[in-house]
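This briefing is meant for a reader who is meeting the structure for the first time. Please look through the sequence and the model below before turning to the points that follow.

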Amino acid sequence: MSTDVETLSSRPEKKASAKGRGRPVDSAKREAIVAAAAEAFFDVGYAATSIEQVANDAGVSKVTIYNHFGDKRALFTATVERECEKMRGHFSIDAISSDSTIRERLTAIGKAMCAFLARPEMVQFERRIAAETEHEPAVGRAFLEAGPWRMKAAFSAFLAHCSERGELLIEDPGLAAEQFVSMCKGMGDLERRFGEAVNPEMRDARINSAVEVFLRAYATKPDLNA
């Protein structure tokens with residue numbers, strides 16, 4: 001196993017830093033570490049990213065990174081969570097109390113999701129992770145757990161809450177979440193993976209149609225389908 005994924009307990013620096021081991025990294029340092037790691041993972045991929053380079057880019061020591069994150073995989077997980085956090089706000093239950101309609105909220109979620117997935121760095125990142133997963137399956141699972149699965153759980157909770165409010169009637173929020181996401185992405189998700197540029201008109205048409213079909217299937221009030 002690469003020394004990049006070893007824990008601090010197996011590294012020589014342990015004795016020199018024993019006094020500070022276990023102390024939390026302040027928020028500014030943590031953000032600098034995660035930001036530097038995200039840039040590296042997105043740029044060169046998981047295998048080619050070194051803790052040494054991340055530490056140098058973040059302006060901290062390797063010991064600081066290992067003390068806080070433990071190993072490279074945990075740091076990778078933190079970077080994926082950071083990126084996906086940018087989207088999870090759209091699924092916040094707190095947003096349910098807004099004046100927007102369920103149609104408007106679903107449309108906003110669909111647009112945010114598609115914009116997030118179509119970013120060039122995200123496309124590149126997914127390709128690298130897919131390639132590296134062939135040799136290191138745990139990397140793929142870490143990505144799924146930190147990103148797609150958590151986002152699905154957040155969206156499922158959003159839909160479940162909408163059902164509790166009487167806006168939707170959904171027996172299986174998890175399945176409904178998958179259906180909505182799949183309709184929004186359509187062939188566009190596959191096309192972007194193989195180098196096709198995003199067609200804004202087709203993307204918006206997919207999202208609007210996905211919302212329409214979804215509401216026809218799950219809305220509880222006739223006016224929501226109008």
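**Salt bridges in a helical chain**

Arg216 and Glu212 are joined by a salt bridge in which the closest N and O atoms are 2.9 Å apart. The model that holds this pair is a predicted one, and its protein chain contains 11 helices and 0 strands.

- Arg216 and Glu212 are 4 residues apart in helix H11, so about one helical turn separates them.
- Because an α-helix has 3.6 residues a turn, residues three or four places apart point the same way.
- Arg216 is exposed, with a relative accessible area of 57%, whereas Glu212, at 23%, is partly exposed.
- Elsewhere, salt bridges with shared partners join Glu126, Lys185, Asp189, Arg192 and Arg193 into one network.

**Helices H3 and H4**
- The axes of helix H3 (residues 51–58) and helix H4 (residues 62–69) come within 8 Å and cross at roughly 105°, which means that H3 is roughly perpendicular to H4.
- On the H3 side the residues that meet H4 are Ile51, Glu52, Val54 and Ala55, and their counterparts in H4 are Lys62, Ile65 and Tyr66.
- Within this contact, the side chains of Glu52 and Lys62 form a salt bridge with an N to O distance of 3.6 Å, and the two residues, in H3 and H4 respectively, are 10 residues apart.
- Both partners are partly exposed, Glu52 with a relative accessible area of 33% and Lys62 with one of 24%.
- The buried residues of H4 are Val63, Thr64, Ile65, Tyr66 and Phe69, and the helix is followed by Gly70, whose phi is positive, near 90°.

**A link between helix H5 and a loop**
- Arg73 forms a salt bridge with Glu136, with 3.0 Å between the closest N and O atoms.
- Arg73 lies in helix H5 (residues 72–88) and Glu136 in the loop between helix H7 (120–133) and H8, so this pair ties together parts that are 63 residues apart in sequence.
- Arg73 is partly exposed at 30% relative accessible area, and Glu136 is partly exposed at 34%.

**Helices H8 and H9**
- The axes of helix H8 (residues 137–146) and helix H9 (residues 148–164) come within 3 Å and cross at roughly 20°, so H8 is roughly parallel to H9.
- Arg141, Phe143, Leu144, Glu145 and Ala146 of H8 make this contact with Pro148, Trp149 and Arg150 of H9.

**Buried and exposed positions**
- Of the 226 residues in the protein chain, 41% are buried, and one of the buried positions is Thr107, at 14% relative accessibility.
- Thr107 lies in helix H6 (residues 102–118) and, not counting residues up to four places away in sequence, touches Ile207, Asn208 and Val211.
- Phe194, found in the loop between helix H10 (173–193) and helix H11 (200–218), counts as exposed because its relative accessibility is 67%.
- Together with Met187 and Leu190, Phe194 forms a nonpolar patch on the surface, with about 360 Å² of accessible area.
- The C-alpha atoms of Phe194 and Val123 are separated by 9.5 Å, although the two residues are 71 residues apart along the chain.

Terms used
Residues numbered from 1 in each chain as written. Predicted model: local features only at pLDDT ≥ 70, side-chain atom pairs only at ≥ 80, totals over all residues. Heavy atoms only, no water. Patch = residues over 30% accessible without salt bridge, like charges linked within 9 Å, V, L, I, M, F, W, Y side chains within 5 Å. Areas by Shrake-Rupley, 256 points an atom, 1.4 Å probe, with all protein chains shown as cover. Salt bridge = Lys/Arg side-chain N within 4 Å of Asp/Glu carboxyl O. Buried < 20%, exposed > 50% of the residue type's maximum accessible area, 1.4 Å probe, protein only. Axes fitted to C-alpha atoms, helices over the stretch in contact; angles between N-to-C directions. Parallel < 35°, antiparallel > 145°, perpendicular 65-115°, else oblique. Contact = heavy atoms within 4.5 Å.
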